[in-house]
Amino acid sequence: AFYTTDRVMTCSFHKFGGAFFPGTGDVQDVGAGAGKNYSVNVPLRDGMDDESYQGVFRPVIQKIMDTFQPEAIVLQCGADSLTGDRLGSFNMSIRGHAACVRFVLGFERPTLVLGGGGYTICNVSRCWTYETAVALGEEPADEIPHNDYFEYYAPDFKLHVQPSNMENFNAPSYLDSIRARVLGALSELPACPSVPFHQPARDLAADDSDEEEEDPDVRISVRQADRTVEHPAELYGGAQRGGVS
């Protein structure tokens, strides 16, 4: 949706390679036209752990914040990167996953935090519970309280899960190469895009010299009322402006 525009920058950290669905998201997929270098893809391999992930996530996000300077952020927290996921092949802990949320929130920009993938349901609920707590500045206990789904969290009934001993195929040399390519592309971007100022159109209705200023104690005419009709899809922060809707 944003592949050809410079008004929105997208950034994705994901497994890539082989027949893994959907097969897109190579580091060379950077956008097109006005959107060139505004689509950031960071392809990763099996076994990604907390330390390796932070080594690419933090510098790339920092560079985006410094260069693009977004006014708002939509952060999708896909839980299929957690250890033990049925479809994912990463090896991250919940704390490592949440460290990314904490890092982004540290920029203090308006942020919408969303869920995402995740196919081991008990770990998905663990992850999103903990990351909701992180967003609220809380640190929940590791012991899961008794609830209707308590047995799903057997055998230890803990909030956090331990990474496995699976091999990390993201060699330091590979991550260095990917990080350098992404940061290099971001360095080519111009200054933060801006919207030029435009002179607002003159309000012809308000500038109608044939009509005198309304008396608040006098009922307005049908013609005047028609001018204040507002479309029902329009949203306002407070009450509507005294018109007919």
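Let's start with the side chain of N41: one of its polar atoms lies 2.8 Å from the backbone oxygen of D29. That is a polar contact, meaning a pair of N or O atoms within 3.5 Å; within protein, one must be able to donate a hydrogen and the other to accept it, and residues adjacent in sequence count only if both atoms are side-chain atoms.

A quick word on the source: this is a predicted model, where local features need pLDDT of at least 70 and side-chain atom pairs count only at pLDDT 80 or more, while totals for chains, interfaces and linings use all residues. Residues are numbered from 1 along each chain as its sequence is written, and side-chain values use heavy atoms, with hydrogens and water left out.

Back to N41, which you'll find in strand β2, residues 39-44. Helices (H or I, at least four residues) and strands (E, at least two) are DSSP runs, numbered from the N terminus. Is N41 buried or exposed? With a relative accessible area of 13%, N41 is buried; the cut-offs are under 20% for buried, over 50% for exposed and partly exposed in between, with a 1.4 Å probe and protein chains only. Leaving aside neighbours within four places in sequence, N41 has contacts that include S12, H14, D29 and V182, where contact means heavy atoms within 4.5 Å.

Now to strand β3, residues 73-77. I73, L75 and C77 make up its covered face, and V74 and Q76 the uncovered one. In a regular strand, side chains alternate between the two faces of the sheet.

Next, the aromatics. How many aromatic pairs are there? The count is 8, taking rings of Phe, Tyr and Trp (its six-membered ring) with centres within 6.5 Å; planes under 30 degrees apart are stacked, over 60 edge-to-face and the rest tilted. F57 and F103 are edge-to-face, because their ring centres are 6.4 Å apart and their planes stand at 70°. This pair links distant parts of the chain, with F57 in helix α1 (residues 50-67) and F103 in helix α2, 46 residues apart. Both of these residues, F57 and F103, are buried. For F150 and F157, the centres are 4.3 Å apart and the planes at 5°, so that pair is stacked. F157 is partly exposed, at 23% relative accessibility.
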